[in-house]
Amino acid sequence: MGLVRKQAPQAPEEVSPEQPAAEALMRQLDDPDPEVRREAALALDGVTEAVHALLIRATVETEPRVRDAVLTTLAVHDTEEVAGALAVHLASDDPGLRTAVAEALATMPRSTPSLIPDLLAAPDHDIRVMTAMVLADLPHPEAKTWLVRMIAEDSHPNVVTAAIDALLPVATSEHADVLEEAVHRFPGDPFLRFTVQTAVSRLVGTA
Amino acid sequence: MTSDTATRPRVLVVDDAATVRMYHTSLLAEGGFQVDEAANGLEAVEAAMTTAYDLFVVDVNMPKMNGYACVEALRSATVGTPAPVVMISTEDRPGDADLAYRAGANLYLVKPVAGDRLVRIAGMLTAQRGVPA
């Protein structure tokens with residue numbers, strides 16, 4: 001008896017197990033199993049219609065590895081909608097979320113820069129500290145300029161020291177003046193003085 | 001290692017900001033402590049699994065593993081360090097200190113911390129463990 005290849009019925013809407021449809025993946029973002037949620041978030045890479053669902057999941061997700069996957073997928077979109085929605089979480093009470101969001105925003109060089117002026121003017125100095133974290137890793141030609149402006153103008157010493165730390169890896173001797181001026185603006189802050197002394201001595205090659 | 005360094009209390013300073021690490025390290029070293037550094041929570045946990053520290057000084061906002069998660073990991077069964085933990089952060093929102101204490105920290109301080117205060121606190125906490133600086 002000859003072998004007869006059995007033809008499996010293929011409905012047009014049928015989805016193979018390897019490539020579940022985006023809708024199924026979006027439902028899996030709410031699965032009780034964190035590993036299912038994480039794999040779904042990663043599999044939604046590049047799926048524009050999943051952005052809203054991913055933004056919601058980023059807000060409610062408590063499992064760090066799932067949240068990181070969600071933010072990684074969202075960051076690839078690099079749109080102002082995504083960046084604006086994520087930036088709200090820089091003020092989160094959840095330290096894991098605000099730090100992960102800062103890392104994600106730093107990987108979005110097309111859309112994050114449009115948010116920077118508002119973030120630099122945020123009344124909450126903790127948000128401005130987080131903004132310095134974003135600028136430390138943001139691959140954008142204006143990042144250094146924004147950090148210098150924070151050092152020169154921000155009214156809170158913790159923001160200034162965060163900006164100095166972010167600037168240091170790319171600072172040159174031309175930044176020595178703005179660093180030393182920061183010490184004069186906050187004469188009672190020993191940590192700021194230490195930071196500037198360390199930075200300036202390194203920049204002018206006398207360390 | 002000399003006998004001097006062997007008897008000095010050993011502190012791990014955990015902060016992603018290089019200048020903060022240098023600042024806290026210099027203060028504690030001048031205060032008589034032996035100091036190691038870690039740039040994030042993961043590095044800290046790895047260090048704690050191979051070295052018996054007498055004190056941890058931990059930042060909150062760090063990449064890879066934030067300070068609260070780091071402290072929880074240090075207190076977990078895997079690491080299980082009994083050493084005191086001081087968390088130091090720029091954050092002074094309501095509830096931040098509670099988060100630190102729930103994670104297992106002994107003390108929560110807001111930056112900037114005066115140098116003599118940090119050394120004094122470190123001395124008190126390590127002396128309670130019988131390893132005065």
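Start by selecting helix α12 (residues 190-203) of chain A together with helix α2 (residues 18-30) of chain B. This is a predicted model, and here the axes of the two helices come within 10 Å and cross at roughly 110°. Angles of 65 to 115 degrees count as roughly perpendicular, so α12(A) and α2(B) are roughly perpendicular to each other. The crossing of this pair is right-handed.

Now show the side chains where the two meet. On α12(A), pick A:P190, A:F191, A:F194, A:T195 and A:T198; they meet B:T19, B:V20, B:M22, B:Y23 and B:S26 on α2(B). How many of the residues in this contact are nonpolar, polar and charged? The contact of α12(A) with α2(B) has six nonpolar residues, four polar ones and no charged ones.

The crossing of α2(B) with α6(B) is right-handed.

For the side chains here, select B:Y23, B:H24, B:L27 and B:L28 in α2(B), which meet B:G115, B:L118, B:V119 and B:A122 in α6(B). This contact divides into six nonpolar, two polar and no charged residues. Notice B:Y23 in your selection: B:Y23 is one of the residues meeting α12(A), and B:Y23 is also among those meeting α6(B).

Next, hop over to A:S155, found in the loop between α9 (143-153) and α10 (157-167) of chain A. Is A:S155 buried or exposed? With a relative accessibility of 60%, A:S155 counts as exposed. Leaving aside neighbours within four places in sequence, A:S155 is in contact with A:R128 and A:F186. Select A:F186 too: A:S155 and A:F186 are 31 residues apart along the chain, and their C-alpha atoms are separated by 9.2 Å.

Finally, zoom out to the whole of chain A and colour by secondary structure. You'll find 12 helices and zero strands in chain A. Chain A has 207 residues, of which 50% count as buried. Among the contacts in chain A with a separation of 6 or more, 60% come from residues 24 or more positions apart.

Notes. Residues are numbered from 1 along each chain as its sequence is written. Chains are lettered from A and ligands numbered from 1 in the order in which they are written. This is a predicted model: local features need pLDDT of at least 70, side-chain atom pairs count only at pLDDT 80 or more; totals for chains, interfaces and linings use all residues. Side-chain values use heavy atoms; hydrogens and water are left out. Axes are lines fitted to C-alpha atoms, for helices over the stretch in contact, and angles run from 0 to 180 degrees between N-to-C directions. Helices (H or I, at least four residues) and strands (E, at least two) are DSSP runs, numbered from the N terminus. Angles under 35 degrees count as roughly parallel, over 145 as roughly antiparallel, 65 to 115 as roughly perpendicular and the rest as oblique. A crossing is left-handed if the near helix is turned anticlockwise from the far one by less than a right angle, and right-handed if clockwise. Contact means heavy atoms within 4.5 Å. Ala, Val, Leu, Ile, Met, Phe, Trp, Tyr, Cys and Pro count as nonpolar, Asp, Glu, Lys and Arg as charged, and the others, Gly among them, as polar. Buried means under 20% relative accessible area, exposed over 50%, partly exposed in between (1.4 Å probe, protein chains only).
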